[in-house]
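Let's take a walk through this fold, one pairing and one packing contact at a time. Have the viewer open and follow along.

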Amino acid sequence: MDRFEEMQTFVRVVEAGSFSGAAQRLDIARSAVSRRLADLEGRLGVQLLNRTTRSLNLTDSGRHYYRRCQRLLADLEEAEQTVSSEHAAVRGTIRVAAPLSFSVSHLAPALEPFMKAYPEIQLELELDDRRVDVIAEGVDMAIRIGKLADSTLVARRLMPVRTLLCASPAYLAQHGEPQRPEELARHQGLSYSNIPEGQLWQFQQPDGSWMTVRVPTRLRANNGDLLVRAAIDGLGIVATPDFLCQQAMEKGLLRPVLTTFPLHEAAVYALYPAQRHLPRRVRLFLDYLVESFAGSPHWK
């Protein structure tokens with residue numbers, strides 16, 4: 001059995017949710033679909049689908065294999081289009097993993113021009129603040145904020161991001177405003193849980209050296225919007241990217257603190273696997289993001 005036919009059949013079964021639906025899409029007999037899936041699972045030595053009389057569900061192995069098959073089939077389709085016509089329309093699916101708050105506030109408004117320019121490209125956005133494994137989970141691109149760890153991924157810098165300390169006027173009136181970083185040990189911190197040791201905040205001193213302060217944490221969360229909301233409600237001091245707190249500060253709901261002791265400046269990056277061939281649709285989207293976010297961030 002041709003491996004391409006097996007992969008294509010498997011993808012169509014998952015998309016259709018049934019063997020009969022896949023058979024209709026492929027214009028083959030249902031028994032042929034069943035035989036191809038059985039041959040594929042036999043060759044791989046794993047079960048890809050859990051079958052019941054009413055439903056089909058992907059196993060963990062099936063989920064990973066499905067994502068890889070999607071990419072391979074899309075790349076094959078794009079390669080054929082490029083060879084058959086130099087001016088062929090760019091099409092296919094781009095899977096992007098990105099942080100929730102940044103995507104809703106700043107990535108989403110930037111998508112319209114790209115989607116209109118390339119109507120045959122489909123974007124599949126997975127919004128989650130966790131660090132997605134780009135290769136294992138079959139993602140074309142990941143958007144990440146902060147300092148990058150050592151990785152085999154290629155990183156393109158999209159824009160700078162400042163991390164600010166801020167608190168509500170009510171909190172500062174009740175607890176006092178810290179004048180030096182070490183005074184934070186007597187305050188209540190709101191920390192981001194998706195980074196290691198999120199309760200350790202590093203400040204640059206006037207002489208250029210860095211100092212680390214462990215801040216007592218009253219609330220930890222894996223979403224920045226929630227932490228900013230908690231700071232507005234007077235629950236503590238938050239260290240947060242400027243794009244999350246800028247509007248609250250402009251409205252007077254939050255006040256910056258310790259402005260003479262800046263925290264590490266970070267950036268927003270687009271990351272993708274270090275492979276020799278980046279699909280054209282992904283390259284176009286990457287270049288578009290770099291151009292869209294070039295210069296000073298609009299929230300400033």
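Start at L165: its bridge partner in β12 is A239. Keep in mind that you're looking at a predicted model. As a rule, strands of a sheet are joined by backbone hydrogen bonds, in either a parallel or an antiparallel way.

Now for the rest of the sheet. β7 and β12 belong to an open sheet of five strands, and reading across it gives the order β11-β8-β12-β7-β13, with mixed pairing. At the edges sit β11 (217–221) and β13 (255–256), each of which pairs on one side only.

Two helices lie across these strands. Helix α8 (residues 224–232) lies across β7, β8 (189–192), β11 and β12, and runs at about 175 degrees to β8. Helix α9 (residues 242–250) lies across β7, β12 and β13, running at about 120 degrees to β12.

At what angle do α2 and α3 pack? Helix α2 (residues 19–26) meets helix α3 (residues 30–44) at about 105 degrees, and their axes are 8 Å apart. Since angles from 65 to 115 degrees count as roughly perpendicular, that is what α2 is to α3. On the α2 side, the contact is made by F19, S20, A22, A23 and L26, while α3 brings R30, V33, S34, R36 and L37. Sort the residues of this contact by type and you get six nonpolar, two polar and two charged.

Terms used
Residues are numbered from 1 along each chain as its sequence is written. This is a predicted model: local features need pLDDT of at least 70, side-chain atom pairs count only at pLDDT 80 or more; totals for chains, interfaces and linings use all residues. Side-chain values use heavy atoms; hydrogens and water are left out. Axes are lines fitted to C-alpha atoms, for helices over the stretch in contact, and angles run from 0 to 180 degrees between N-to-C directions. Helices (H or I, at least four residues) and strands (E, at least two) are DSSP runs, numbered from the N terminus. Angles under 35 degrees count as roughly parallel, over 145 as roughly antiparallel, 65 to 115 as roughly perpendicular and the rest as oblique. Contact means heavy atoms within 4.5 Å. Ala, Val, Leu, Ile, Met, Phe, Trp, Tyr, Cys and Pro count as nonpolar, Asp, Glu, Lys and Arg as charged, and the others, Gly among them, as polar. Two strands pair if DSSP finds at least two bridges between them.
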